[in-house]
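Here is a short briefing for anyone meeting this structure for the first time. Take a look at the sequence and the model, then read on.

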Amino acid sequence: MFDSGLGGLSVLRDLIRLMPGADVVYVADSAHVPYGTKPPAFIRERSLAIARFLAAPQHARGIVVACNTATTHAVATLRKTFPSIPIVGMEPALKPAAAATRSGVVGVLATPATLDGERFADLAERYTDGIELLTQPSPGLVECVESGDISGPEVERLLRLYTGPMLARGADTIVLGCTHYPFLRDTIQRLVGPHVALVDTGAAVARQTARVLGGPGRDAGTGRLTYYSSGDVDAARRVIELLMGQAVDQVLPLPYEPCHS
């Protein structure tokens with residue numbers, strides 16, 4: 001499993017609830033976080049480099065791209081490059097959000113790169129007919145989560161800035177379109193009120209991962225979680241412990257840096 005940083009841990013939480021015996025290697029590309037403001041070619045190059053590391057020497061049976069932006073710009077390339085490895089991606093939860101809304105107005109918090117991608121445009125066309133879709137690029141939120149700030153004054157300031165216009169236009173459902181944002185769920189819910197539904201796809205991705213790795217032995221590991229980071233490993237360990245709510249012995253440095261973009 002990999003993400004631009006630590007946001008994909010929200011997907012990892014759902015996966016280990018469903019498959020507690022699975023052995024998971026998690027790579028945080030924290031030296032390059034956030035992906036959401038990077039060019040598509042850079043995102044593809046980083047995703048390929050990390051997938052190669054997970055395919056060998058880690059011998060991954062499957063790869064979860066726990067990042068909406070990387071899925072948007074790299075998942076097709078990854079599937080073409082690694083045809084024998086099941087690869088599960090993310091997509092913003094527009095379909096369940098459209099089904100859940102009562103007012104017919106749905107807001108989407110996501111990174112600029114996710115909102116600008118063809119994948120998002122295709123989802124919007126397929127699932128939001130008759131829905132007023134309010135998209136909101138949300139710079140700064142990823143950086144807050146990466147630093148371990150999930151409820152402080154800066155987070156609240158940004159969330160009020162981004163959700164206020166949605167609420168004013170009648171949104172009663174908000175899509176958390178970045179894997180970092182579920183860690184802000186409690187703060188968002190407090191700010192927008194209990195009448196607004198917050199929707200993300202972490203649990204659905206965990207179920208899909210279990211399906212593609214299905215059959216006897218899919219959960220036959222030891223439940224070991226191994227963390228790598230391309231950034232500051234000590235800082236990553238502290239934030240992982242905060243977000244996952246459990247002690248982490250160490251975070252290992254990503255052993256090479258093949259991207260020169």
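Leu 9 touches Tyr 26, Phe 183, Tyr 227, Ile 240, Leu 243 and Met 244, leaving aside residues up to four places away in sequence; contact means heavy atoms within 4.5 Å. This is a predicted model, where local features need pLDDT of at least 70 and side-chain atom pairs count only at pLDDT 80 or more, while totals for chains, interfaces and linings use all residues. Residues are numbered from 1 along each chain as its sequence is written, and side-chain values use heavy atoms, with hydrogens and water left out.

**Nonpolar cores**
- The largest nonpolar core has 50 residues, and Met 1, Leu 9 and Tyr 227 touch the most other members.
- Such a core is a set of buried Ala, Val, Leu, Ile, Met, Phe, Trp, Tyr and Cys residues joined through side-chain atoms within 4.5 Å; buried means under 20% relative accessible area, exposed over 50%, and partly exposed in between (1.4 Å probe, protein chains only).

- Four strands make an open, parallel sheet in the order 1-2-9-10; two strands pair if DSSP finds at least two bridges between them.
- Helices (H or I, at least four residues) and strands (E, at least two) are DSSP runs, numbered from the N terminus.
- At the edges, strand 1 (2-3) and strand 10 (252-253) each pair on one side only.
- Five parallel bridges link strand 2 (residues 24-28) with strand 9 (residues 225-229), and Ala 28 has Ser 229 in strand 9 as its bridge partner.
- Helix 2 (residues 40-55) packs on this sheet, touching strand 1, strand 2 and strand 9, and its direction makes about 155° with that of strand 2. Axes here are lines fitted to C-alpha atoms, for helices over the stretch in contact, with angles from 0 to 180 degrees between N-to-C directions.

**An aromatic link**
- The structure holds two aromatic pairs, and one of them joins Phe 53 and Tyr 228 edge-to-face, at 4.9 Å centre to centre with 80° between the planes.
- Rings of Phe, Tyr and Trp (its six-membered ring) pair if their centres lie within 6.5 Å; planes under 30 degrees apart count as stacked, over 60 as edge-to-face and the rest as tilted.
- Phe 53 lies in helix 2 and Tyr 228 in strand 9, so the pair ties together parts 175 residues apart in sequence.
- Phe 53 is buried at 2% relative accessibility, and Tyr 228 is buried at 12%.
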